Amino acid sequence: MAASNSPTSCSLLLLLLVVMAAVVSASSTTLPVAAAAGGGGGSGRSAHLTAGFTRVRLRESQFVVQKPYDVPLRERYEQSGGVRRMWVFATDKPISASHPGGARTEIKVDKIYSSGVWQLEGDVFVPSGTSGASVMQIFGAATHATTLMLHVYGGRLTYYHDLSRVLAARVYDRWVRLNVVHDVAAGNVTVFVDGERRLSAAGHGGREHYFKFGVYKQSHHQPSRRMESRWKNVAVYTKP
């Protein structure tokens with residue numbers, strides 16, 4: 001039987017083509033934000049948090065390890081497979097004989113800033129048992145030493161040593177994505193945990209700032225004998 005070329009058949013075919021084209025167009029323009037930004041600054045679950053920022057090019061020499069002054073680097077720091085592993089004991093010495101601070105193995109990101117909006121992004125892993133340690137900080141403030149510190153107590157990630165301000169309840173033995181945004185002019189800090197905003201806090205002033213991460217013994221809530229954190233995918237971003 002010969003195929004029908006009636007006006008009705010042609011109209012139905014045309015309508016079908018229009019509907020198919022609309023479906024294809026919609027699928028290409030309504031991707032989730034994270035997927036659409038996947039080729040940009042961040043990766044996966046937090047890619048949208050770095051949208052509009054420019055990644056800062058950092059040399060390896062700008063990741064400055066600070067560790068107890070009386071032990072070799074290899075006894076407190078290890079870098080392998082893209083992971084930076086830092087540990088310290090509660091009885092360790094400070095970073096120099098004249099330094100007033102406590103025991104730590106931290107990385108200072110040697111990129112000082114005084115204006116604009118800055119962001120540190122990275123994945124942190126805290127082994128179970130680590131407690132009473134700062135794992136990340138923004139150094140520099142008008143009122144005291146830091147604008148922000150993130151501590152770990154019993155598997156909880158907290159704002160400084162305030163146990164009522166818990167950013168994440170269970171951080172032990174898993175990789176946690178942190179995005180920390182410091183708006184200098186607005187005087188505030190925002191912390192995202194696994195892509196979700198978990199803290200907005202006022203800054204503490206100051207003229208110069210830089211990021212630090214690792215482990216730094218604190219004097220609150222009975223710190224553990226040994227403290228450790230591991231970091232990977234660390235990047236710094238900025239915008240005016």
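Me: The side chain of N179 makes a polar contact of 3.0 Å with the side chain of which residue?
Reply: This is a predicted model, where local features need pLDDT of at least 70 and side-chain atom pairs pLDDT 80 or more, while totals for chains, interfaces and linings use all residues. Residues are numbered from 1 along each chain as its sequence is written, and side-chain values use heavy atoms, without hydrogens or water. A polar contact is a pair of N or O atoms within 3.5 Å; within protein, one must be able to donate a hydrogen and the other to accept it, and residues adjacent in sequence count only if both atoms are side-chain atoms. At 3.0 Å, the partner of N179 is E121.

Me: Is N179 buried or exposed?
Reply: N179 sits in strand β11, residues 175-183 (strands are DSSP runs of E, at least two residues, numbered from the N terminus). Buried means under 20% relative accessible area, exposed over 50%, and partly exposed in between, with a 1.4 Å probe and protein chains only. Because its relative accessible area is 0%, N179 is buried.

Me: What class does W175 fall in by relative accessibility?
Reply: W175 also belongs to strand β11. Its relative accessibility is 27%, so W175 is partly exposed.

Me: Which charged residue lines the largest cavity?
Reply: A cavity is a set of points on a 1 Å grid over the protein atoms alone where a 1.4 Å probe fits but cannot get out, and lining residues have an atom within 4 Å of a point. The lining comprises V124, V126, V152, L157, V171, R174 and V176.

Definitions and conventions: Helix = DSSP H or I, 4+ residues; strand = E, 2+ residues; numbered from the N terminus. 1 Å grid on protein atoms, 1.4 Å probe; cavity = no way out; pocket = protein on both sides within 12 Å on 5 of 7 lines; lining within 4 Å.
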